[in-house]
Amino acid sequence: MFNTKRTAALIAAATGTALVLAGCSGGSSGGGGEFDPDEETTLNFAFWGNDVRAGLYDQAIDLFNEEYPNVSVQTSFLPYPDYWERRQTEAAGGGLPDVLATDISYLRQYSENGLLLDLEPYLGEQIDTGPFDEAVLGSGEVADITAGIPISTNAWGLFTNPTLLAEIGVEDFAGGDWDDYTAWIEDTTAAAEAAGVEAWGAGDWTGRIQVFELQQRAQGEELFTEDGEPNFDEDDLRDFWNQTTEQREAGAFIPQQRVEEQLPLGAFDTALTASEMTWDNFGAGYLANLGEGYPELNLIEPPVTEEGAKDLYQKAGMLLSASAGTDHGEAAAIFIDFMVNDPEVGAIFGTNRGLPASETARSSSDLSGLDAQIEEYEASIADRLGDAPPVPIVGFGNIEEEFRVLGTELMFGTVTVDEAVDRFFTEMDVALNS
Amino acid sequence: MTATTPRPTNASGPARRAAANASAPRKGGKPPVRPGLKLRERREGLAGYAFLTPWLIGFVGLTVGPMAYSLYFSFTRYNLFSDPQWIGLDNYIRLFTDDPQFIQSAQITLVYVLVGTPIKLAAALGIALLLNYRDKGSGFFRSAFYAPSLIGASVSVAIVWRAMFSSNGPVDSGLSIFGIELGGWVGNVSLVVPMMIILAVWQFGGTMVIFLAGLKQVPKELYEAAEMDGAGAMRRFKAVTIPMLSPVIFFNLLLELIGAFQVFASAYIISSGTGGPAGMTNFITVYLYKRAFQDGQMGYAAAIAWVLLVVVAVIAFILFRTQKSWVHYAGDNR
């Protein structure tokens, strides 16, 4: 038997140690911090992306260091989902990097929890706001603070792969409504089979919440109200998913199995589908993944739900934020300004981070090829551009992912549309209430 | 993982002895006969604790402490950012009444455990028997069969596995030669679990080595006696090998069951962190990881972890209870 008193003392002592250790990880307060150009400063900077983007950031940081030789910038990058997993853990432990790339889907969550530095005091000082469109700049204002400075804007678009379409022997999608697009997908899939090309017209386009949003907006409805309440009901979602039930069953879309096998790449990246709707800044990544065999892409406007409706919108594609816990607030602001506004940095990135939001970065970058296409595209949809929806509610990232997962399950046939609707509303309920 | 570490058992030995020594005199209620001895014993007890300290710190700080936290979190809503909010049993209620993903996750995990473990044990025992049969060259084969377990848990193997079982990958093409057209396994809702089981079975080396060691312990006389009595190979296997090996079988069964419940890395990598296709690699641990770190529902994930712990504990308990009827320890007269 244990000597109970001594054992208890021992356990108490050990637990105490553990608590002390755990206590050390509490969040650090502060923020701010003045910048002295002669003092050695280290900024930690995290962004999502791949080797290509990391290489471009290295070049940009070299330029930054020519001007600010005493600021050393330590970068780290991860693919998008892993990036947020890592930030989430860091946020819990109070150790976000000084400067970090943020996305509009997560901005509210981070801002409302007091994790991001209010950049407002630096606006017009260290951060030049002149070159920004006010609405775009405003998308970084959440929970009464300026939580992020937009690097880029993007808009929803439809990419097609002309080289693949030529192999299959069909014309590019000529525009039209959703039925036209679906019919074009069916034709392309059939033609590919006839031509002996392993390709499909597209994946199931009801798999993305943005398409649902697009159709809702065409009827004048946002997905969520200003108060963050869902602005659609079960029937809306059921109707949306049912638009392609017939095609899902008939095999007009690429089988989900083939899609899963390509992970982490997508079906469009691997030339298995001839079209895909997504944010227009994805083009550069697609081209890089498709490789030399497919040197060009077309970018056209998504199918029309309601003629004349303002269903599309421009949003901040990627923002730069500073951690509330940084000791180098001013240095972070200077760095952010350089990364979003500097003309040479703009030239280095082109549209790798999306179409630059800053006029100086955009105009100085000599956009050509796909970059120019994206610029033209965003100009061409001006008539369809409406106001951006309110900054996504906390938990939108999860809701978006759940929508995508249910889309894949509909393709597998492991859930019916009714079950998927139920599950989505259950999950949305949890996400909104946590 | 925790179950495979033998440290707790080793460490509790001296601890128990030290504690017993320290409290022995008091238990008797008599004054100590030789105070000098008592002092020395007490010193030894203290020394025992001193030597235990490094392990105790780790055990409390890295195991007990986090477990206590996790139990607390399981009764809260905790998104990692703001402070946990106490919500009582809500997480557990949601788990069992309002979460089809959890039910599916539990189902595929059970299939994986209940199908994979027996196959893996049988494979390990079979190969161990073959290796035990003859000594010549067994060293080489032992190493060869053990190799997959050495590299088995690594990320690279999962990646290779993924490539092998894709459409037009080596497995698909290989089976096509025999006229079996299954296509890729990785993205196939009904084939991905079998693929995961094959991956687990393939890593039978560790289990096999333990079986082999057990087989070497079986006294040759028993076989000779059985043979003299006219027992055939099958009879010898059933009447000598299995009973003599039963403690080792029990040990392996327990470890493998617990290990299988904790399958994570291979599923996470093969599905690129999604638990797909259609949730078929969304094993409990993958699911709780996704809930915790992708959805930011740490409280809910903690509840899942505790349910998993209880299930594993209950299964281990049941196994221990059945021990009496089929596990024979040497020197046991049953």
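This is a predicted model: local features need pLDDT of at least 70, side-chain atom pairs count only at pLDDT 80 or more; totals for chains, interfaces and linings use all residues.
Local features need pLDDT of at least 70, side-chain atom pairs count only at pLDDT 80 or more, and totals for chains, interfaces and linings use all residues. Residues are numbered from 1 along each chain as its sequence is written, while chains are lettered from A and ligands numbered from 1 in the order in which they are written.

Start with chain A. Its secondary structure comprises 18 helices and 10 strands; these are DSSP runs, helices being H or I of at least four residues and strands E of at least two, numbered from the N terminus. Chain A is as compact as a globular protein of its 434 residues, because its radius of gyration of 24 Å is close to the 22 Å of the globule rule. That radius is taken over C-alpha atoms, and the rule is 2.2 Å times the number of residues to the power 0.38. The C-alpha trace spans about 75 × 70 × 40 Å along its principal axes. In chain A, 47% of the residues count as buried. Buried means 20 or more other C-beta atoms within 10 Å of the residue's own, exposed means 12 or fewer, and partly exposed is in between, with C-beta atoms placed from the backbone.

Now zoom in on A:Tyr294. It sits in the loop between helix 12 (283–290) and strand 8 (298–300) of chain A. A:Tyr294 counts as partly exposed, because it has 17 C-beta neighbours inside 10 Å. Beyond neighbours within four places in sequence, A:Tyr294 is in contact with A:Asn161, A:Thr163, A:Leu164 and A:Ala271. Contact means that C-beta atoms, placed from the backbone, lie within 7 Å.

Turn to chain B. An automatic or database assignment sets the domain bounds, giving domain 1 (2–73) and domain 2 (97–326). Five residues of domain 1 are in contact with seven of domain 2.

An unreviewed UniProt entry lists transmembrane regions in chain B, among them residues 46–72 and 110–133. UniProt positions follow the numbering used here, feature names are shortened, and annotations may be inferred rather than shown by experiment. Residues 46–72 are 100% helix, with end C-alpha atoms 33 Å apart. Residues 110–133 are also 100% helix, and their ends lie 34 Å apart.

Most residues other than glycine have a negative phi. B:Asn168 has a positive phi, near 65 degrees, and B:Ala278 has one near 50 degrees. Which of them is buried, and which exposed? B:Asn168 is exposed, because 12 other C-beta atoms lie within 10 Å. B:Ala278 is buried, because it has 26.

How values were computed: Two residues are in contact if their C-beta atoms, placed from the backbone, lie within 7 Å.
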